[in-house]
Amino acid sequence: LASFQTLRNLAVACKEIRLNIELIKREVRALDWEILSDKDQPRSDTEATERVRQIFERPDGYHDFDTFVSMMLEEVLVTDALTLWVDIAADSAGQSTIELVDGATIRPLLDERGRIPAPPTPAFLQVLHGMPTAWFTRDRLIYRPFNARASTPYGASPTEFVLLAVNLALRRDTYHVSYFTEGNVPEA
């Protein structure tokens, strides 16, 4: 029920949410990652494994893997609208990229059965500054809510789960600030 902007504002304004998000990001970033070929595939396929490893060194061609994972976790934990654009052989050197797209700008489209349609029908609409700007098929854009629900194509972020508790915490913080700025003597 909360807008993406409301969720982002809460993630910045509420210290409890921000501390938990940063803790989760630090714990995930501390993991050791390794790219391996499928166990069913012969081990001679090291060229493909090496190519994938190179892609993940700088997934979007700019940020390193650690920073990219941090940005993805921010999207999942705050808005639960992780959206990735995978561009095969995007640059002049033939390097593929995985770009993080602001999930708040993506609107899933539904077919007559209430499902996200298969290609070639557009499945996602990108809205920038209130204007529809691009349509994407399901095979070109990866839109993956972590907490998917059957009743809506949107996810439910952990920030949304604690909305009521956060509202109480913000009001408590406002009360404590007013205690020191307004004083504790009631008006007479």
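**Fold and charges**

Guide: Of the 188 residues of the protein chain, 30% count as buried. Keep in mind that this is a predicted model.

Visitor: How many helices and strands does the protein chain have?

Guide: The count is six helices and six strands. Along the sequence, the order is α-α-α-α-β-β-β-β-β-β-α-α.

Visitor: And contacts? What share comes from residues 24 or more positions apart?

Guide: Those pairs make up 49% of the contacts with a separation of 6 or more.

Visitor: What about surface?

Guide: The chain exposes about 12800 Å². Carbon and sulfur atoms supply 57% of that area.

Visitor: Which residues form a nonpolar patch out there?

Guide: Tyr 175, Tyr 179 and Phe 180 do, with about 400 Å² of accessible area together. Tyr 175 is found in helix α6, residues 163–182. Tyr 175 counts as exposed because its relative accessible area is 55%, and the cut-off is over 50%.

Visitor: On to charges. How many salt bridges does a search of the whole structure find?

Guide: It finds 11. One of them pairs Arg 8 with Asp 102, at 2.8 Å from N to O. That pair links distant parts of the chain, 94 residues apart. Arg 8 is in helix α1 (residues 4–13), while Asp 102 is in the loop between β2 (97–101) and β3.

Visitor: Give me another pair.

Guide: Arg 29 and Asp 66 meet in a salt bridge, at 2.8 Å from N to O. This pair also links distant parts of the chain. Arg 29 sits in helix α2 (residues 15–29) and Asp 66 in helix α4, 37 residues apart. Arg 29 is partly exposed, at 33%. Asp 66 is partly exposed too, at 30%.

Visitor: What about Asp 111 and Arg 113?

Guide: Their side chains form a salt bridge, at 3.1 Å from N to O. Asp 111 is buried, with a relative accessible area of 18%. Arg 113 is exposed, at 55%. As for networks, salt bridges that share partners join Arg 18, Glu 22, Lys 25 and Glu 74 into one.

Visitor: Which side chain of opposite charge is nearest to Asp 80?

Guide: Arg 149, 6.9 Å away. Asp 80 is buried yet has no salt bridge.

Visitor: Then what lies by the polar atoms of its side chain?

Guide: Backbone nitrogens. The one of Phe 146 lies 2.5 Å from a polar atom of the Asp 80 side chain. For Asn 147 the distance is 2.9 Å. Asp 80 itself is in the loop between α4 (65–78) and β1 (82–87). Leaving aside neighbours within four places in sequence, its contacts include Glu 75, Pro 145, Gly 155 and Ser 157.

Visitor: Last one. Where is Leu 109?

Guide: In the loop between β3 (106–108) and β4 (124–128). Leu 109 counts as buried because its relative accessible area is 18%, and the cut-off is under 20%. Not counting residues up to four places away in sequence, Leu 109 touches several residues, among them Ile 116, Pro 122, Phe 124 and Trp 135. Leu 109 and Phe 136 are 27 residues apart in sequence and 9.8 Å apart in space, C-alpha to C-alpha.

Notes: Residues numbered from 1 in each chain as written. Predicted model: local features only at pLDDT ≥ 70, side-chain atom pairs only at ≥ 80, totals over all residues. Heavy atoms only, no water. Helix = DSSP H or I, 4+ residues; strand = E, 2+ residues; numbered from the N terminus. Buried < 20%, exposed > 50% of the residue type's maximum accessible area, 1.4 Å probe, protein only. Lys, Arg positive; Asp, Glu negative; His and termini not counted. Salt bridge = Lys/Arg side-chain N within 4 Å of Asp/Glu carboxyl O. Polar contact = N/O pair within 3.5 Å; in protein donor to acceptor, adjacent residues only side chain to side chain. Contact = heavy atoms within 4.5 Å. Patch = residues over 30% accessible without salt bridge, like charges linked within 9 Å, V, L, I, M, F, W, Y side chains within 5 Å. Areas by Shrake-Rupley, 256 points an atom, 1.4 Å probe, with all protein chains shown as cover.
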